[in-house]
Amino acid sequence: MRNKIITCLFWLAVWQAAAQLVSSELLLPGPADALLALGGLAKTGKFYMNIGWTAARCIMAMVLSFAAGIPAAVISYRSRTARSLLSLPVGFFKAVPVMAIIIYVILLAQSEWVAVIVCFFMCFPIVYTNILEGLDAMPSEYLEVGKIFGLKGAEVVRYIYVPGLLPQIKAAISLTAGLSWKAVVAAEVLSVPKYSLGYEMINAKYYLETADLFAYIFVIVVLSMAFEKLINMGLRRIEWKGYEGSRLKDRRGSVRKNLQQSPAAPITSEAPEIEISHLDKTFEDKLVLDDVSMVLKAGKVTALMGPSGQGKTTLARIIAGLETADSGNVIIGGREALNGSYTCRTAFLFQEDRLLPWLNIYDNIALGRRAADPEKIRNLARQLEIEKELWKLPDELSGGQRHRAALARTFAADTSLMILDEPFRGLDSGLKARIIDRLWENETAGRTVLLITHIEEDAESLADKILGL
């Protein structure tokens, strides 16, 4: 703070010295003259009307740029044709000088609206580009979590896309806040709307009221900096934080505002038998699965073993509908599921924890349930020794705790098919034994379970059947 004061005093002294050197208030008024002029302006109601209208035009243009930029980015994300068509105008408005846009818009619009339109054309490319980049960079892992645990269109938007885009939205707001005042005032200078700071600046120039001109410049600079600073201060408050309770909606529609016990949703179908025949899968000319055939018995635990890189996870992803095989058949519960035409509700424990970083641990565990069951979630957390972490965000937990939270999410999901990819990795032997003793029998009962493991002892003790790959 002290350095800022010293810097300001230094440049005020330079300004004063320059004014004395020029010795003409008409050409360069001193700081005192500009301050007196500002005091005179501040006594008039019109001064505040000008500030209000200029600020309103900035805010209006920003709102419009987001109202148009976000849908345009979403359309471009979903359509290559739309992306190609929009690339030219977006690139044009990013490159064209703002004065060229102002001069043309003056021909088309009333003076009161020129600044809004010009600022919109300046801000829209920023919003569009930031949101589109955020959508392109959205981790596919989170989208797969949404698919596996049955999130539908609006739920995917609410629980994955919107919080996932938060950094890009904040960046777009910050950038447009800094640009908007410059674009609006520049447009006001040329379009001269009745109430505006830009109009008053050009008036001061016409009537050679240089002190008033400097006063308006000072006001514009201060307001622009304050506007940007206030917005950035607000943006810093918008971040992912731990919270108590649940932000998820009951999958049947009611909001879970309290954590009172409610009955769990029943499993909607019997545990399916899975028949896999002559399955092939190639990645980048590497044959991962070669004529794989096997049967996973309904309601039983089948362990799948084999060296790393032999396609165990790929096979699991095909069964879950996350990958498509090159050839062969997958029959789930008597219905073909090879190309995603039919998929059984599946709970999948990935090798990575894949917890959504903006949801607390409670909501991450509850993600796969179609009806609230707080007691089930609390009991799982208690048995997995993470009950004290329920209201924290994933980043606040250790790696082992996050893995147990992901395991709890898999157990909690009301599904008839469960895939566990190395479920006990990273757990010490004591904790692993306690979890198996407390949960394994109850959580696998009545489900068809595919257990992927490289530990022979686990396969022998936990599975009804062991298959190799």
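How many bridges join strand β1 to strand β4, and in which direction do the two strands run? Five bridges join β1 (residues 274-283) to β4 (residues 327-332), and the strands run antiparallel. Strands here are DSSP E runs of at least two residues and helices are H or I runs of at least four, numbered from the N terminus; two strands pair if DSSP finds at least two bridges between them. The structure is a predicted model, in which local features need pLDDT of at least 70 and side-chain atom pairs count only at pLDDT 80 or more, while totals for chains, interfaces and linings use all residues. Residues are numbered from 1 along each chain as its sequence is written, and side-chain values use heavy atoms, with hydrogens and water left out.

Within β4, Ser327 stands opposite Asp280. The open sheet comprises four strands in the order β2-β1-β4-β5, with antiparallel pairing. β2 (286-296) and β5 (335-336) each have a single partner strand and stand at the edges, so one side of each lacks a neighbour in the sheet.

Aromatic pairs (ring centres of Phe, Tyr and Trp, the last by its six-membered ring, within 6.5 Å; planes under 30 degrees apart stacked, over 60 edge-to-face, the rest tilted) number 16. The rings of Trp181 and Phe227 are edge-to-face, because their planes lie at 65 degrees, with centres 6.0 Å apart. Trp181 belongs to helix α9 (residues 166-191) and Phe227 to helix α11, 46 residues apart. Both Trp181 and Phe227 are buried (under 20% relative accessible area; exposed is over 50%, partly exposed in between; 1.4 Å probe, protein chains only).
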